[in-house]
Amino acid sequence: MVCSALRRVARMRVYLVRKASSVSRGHQHQALGSRPAVSEFTVGGAPGGLVELLGKSYPLDDYSNLSRKVLSRVGRNLHNKQHHPLWLIKERVKEHFYKQYVGRFGTPLFSVYDDLSPVVTTWQNFDSLLIPADHPSRKKGDNYYLNRTHMLRAHTSAHQWDLLHAGLDAFLVVGDVYRRDQIDSQHYPVFHQLEAVRLFSKHELFAGIKDGESLQLFEQSSRSTHKQETHTMEAMKLVEFNLKQTLTRLVTHLFGDGLDIRWVDCYFPFTHPSFELEINFHGEWLEVLGCGVMEQQLVNSAGAQDKIGWAFGLGLERLAMILYDIPDIRLFWSEDERFLKQFCLSDINQKVKFQPLSKYPAVINDISFWLPSENYTENDFYDLVRTIGGDLVEKVDLIDKFEHPKACCWPTAEEEEVSASVSSSERKMRLQDQAFRT
């Protein structure tokens, strides 16, 4: 299926793997030491097979695409590891909401859920959030599927419907989420999100508003860029104001007073209108979260037909990298005490700046390989690199590609060495290798 040659200089051996599914399936030629087959790095979709995850068994099928690397991250729950930088961000947000928003009996208005299983159904992850069946976010190439009905959540929003259906109207959800993505210092197949939802009844939303008794939450009109067809303009404006006020207070708590912020209109399937919040940090505008007025169809389907609400979601790694000057997302998975001890703080609001662990320069390596004729996405290659190279590989860039104008057959060994002209499609990738060495 794939003929590939990979040259590694630092801490990795040179090897050659040649595999043609239609000619010599399963047969490999290896040099300089035995290497496992690609199938040993992935959880294949063999009919009748099972994968064990968090104490439960799931049948495999043609949609199963979990990598061993990603499976090793499930259950780590970095956001619950005391003194980890992601834990610090979570605790700072939680502390803020507990202090700022108090219920009638002096208890926190928002409940917090930070230990929900990352295994969800595709209905929870997509359908419950009104994501269309043909939406590109459902692609197998962008998600980690256990099978056609279960997956590792791609966002903490996958739990919105269940919590609303349970009768909750103000909550935070924190957890690890999984997406197949490129390899660089800003992206990792596992990251952490914090989600918040708040619903309002008519009495709660219009309390304190002059003549509020005469105002209504709902009407039947037409959808516009400013509101949904079922919301009155008065209700939508108050919900939007409360949302933006809540988030302005949150980022001010995290980043300090005098912060410049701006709101950018955007699109999410489960909110309308929708916004992204950007902050001006050290002279650069940075997007830190997405938010919006919840789609009433979602709220209604969960059994809260008499309420209207907002939701927002933010990435913990994104905030931690900005606040603590952490340059590479892989560092969050480090178990090096030199990294972890920098965040053992007596006060979660204490300011701290990450001190680099290594001053060694990156090592650059190039790889050239034939592409299979079908069913290939670049995320397949990124998963393979991450599984074999681990967190040593800092970045992968596509530097060249070649498409042969004619149909071709599989190259001979001699042709592999001297010519790329027989390949229908070739890619050359550049790998940047940075180990956190002493």
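Predicted model: local features only at pLDDT ≥ 70, side-chain atom pairs only at ≥ 80, totals over all residues.
Glu 195 belongs to strand S9, which covers residues 190–200. Although Glu 195 is buried, it has no salt bridge, and the nearest side chain of opposite charge, that of Arg 179, is 8.2 Å away. A salt bridge would need a side-chain nitrogen of Lys or Arg within 4 Å of a carboxyl oxygen. When neighbours within four places in sequence are left aside, the residues in contact with Glu 195 are Thr 156, Ser 157, Gln 160, Phe 171, Leu 172, Val 173, Phe 312 and Gly 313.

Strand S9 is part of an open sheet of 7 strands with mixed pairing, arranged in the order S5-S8-S9-S13-S12-S11-S10. Strand S5 (111–113) and strand S10 (260–268) form the edges, and each has a single partner strand, so one side of each is left without a neighbour in the sheet. On average, and ignoring direction, neighbouring strands of this sheet are turned by 25° against each other. Within the sheet, strand S11 (residues 271–281) pairs with strand S12 (residues 284–294) in the antiparallel sense, over 9 bridges; Ser 274 stands opposite Gly 292 in S12. Helix H6, which comprises residues 233–255, lies across S9, S10, S11, S12 and strand S13 (308–315), and runs at about 30° to S13.

Is Ile 261 buried, partly exposed or exposed? Its relative accessibility is 26%, so Ile 261 counts as partly exposed. Ile 261 and Leu 277 are 16 residues apart in sequence, while their C-alpha atoms are 7.0 Å apart in space. Leu 277 is also among the residues in contact with Ile 261 once neighbours within four places in sequence are left aside, and the others are Thr 248, Val 251, Glu 278, Ile 279 and Trp 285.

Helix H8 (316–324) gives an example of a covered element, with 8 of its 9 residues buried. These buried residues are Leu 316, Glu 317, Leu 319, Ala 320, Met 321, Ile 322, Leu 323 and Tyr 324. The residue that follows H8 is Asp 325, whose phi is positive, near 60°.

Side chains of opposite charge can pair when their charged atoms come close, and the structure holds 18 salt bridges. In one of them, the side chains of Arg 76 and Glu 335 meet with an N to O distance of 3.4 Å. Arg 76 lies in the loop between helix H1 (68–71) and helix H2 (85–100), and Glu 335 in the loop between helix H8 (316–324) and helix H9 (337–340), so this pair ties together parts that are 259 residues apart in sequence. Arg 76 counts as partly exposed, at 26% relative accessibility, whereas Glu 335 counts as exposed, at 58%.

Arg 180 and Asp 380 form another salt bridge, in which the closest N and O atoms are 2.6 Å apart. This pair, too, links distant parts of the chain, with Arg 180 in the loop between strand S8 (170–178) and S9, and Asp 380 in helix H10 (residues 378–389), 200 residues apart. Arg 180 is buried, with a relative accessible area of 8%, and Asp 380 is partly exposed, with 29%. A further salt bridge joins the side chains of Arg 330 and Asp 328, at 2.9 Å from N to O. Here Arg 330 is buried at 4% relative accessibility, and Asp 328 is buried with a relative accessible area of 6%. Elsewhere, salt bridges that share partners join Lys 90, Glu 91, Lys 94 and Asp 114 into one network.

The protein chain contains 11 helices and 16 strands, and 48% of its 438 residues are buried. Of the contacts between residues at least 6 apart in sequence, 64% join residues that are at least 24 apart.

How values were computed
Residues numbered from 1 in each chain as written. Heavy atoms only, no water. Helix = DSSP H or I, 4+ residues; strand = E, 2+ residues; numbered from the N terminus. Buried < 20%, exposed > 50% of the residue type's maximum accessible area, 1.4 Å probe, protein only. Lys, Arg positive; Asp, Glu negative; His and termini not counted. Contact = heavy atoms within 4.5 Å. Pairing = 2+ DSSP bridges. Axes fitted to C-alpha atoms, helices over the stretch in contact; angles between N-to-C directions.
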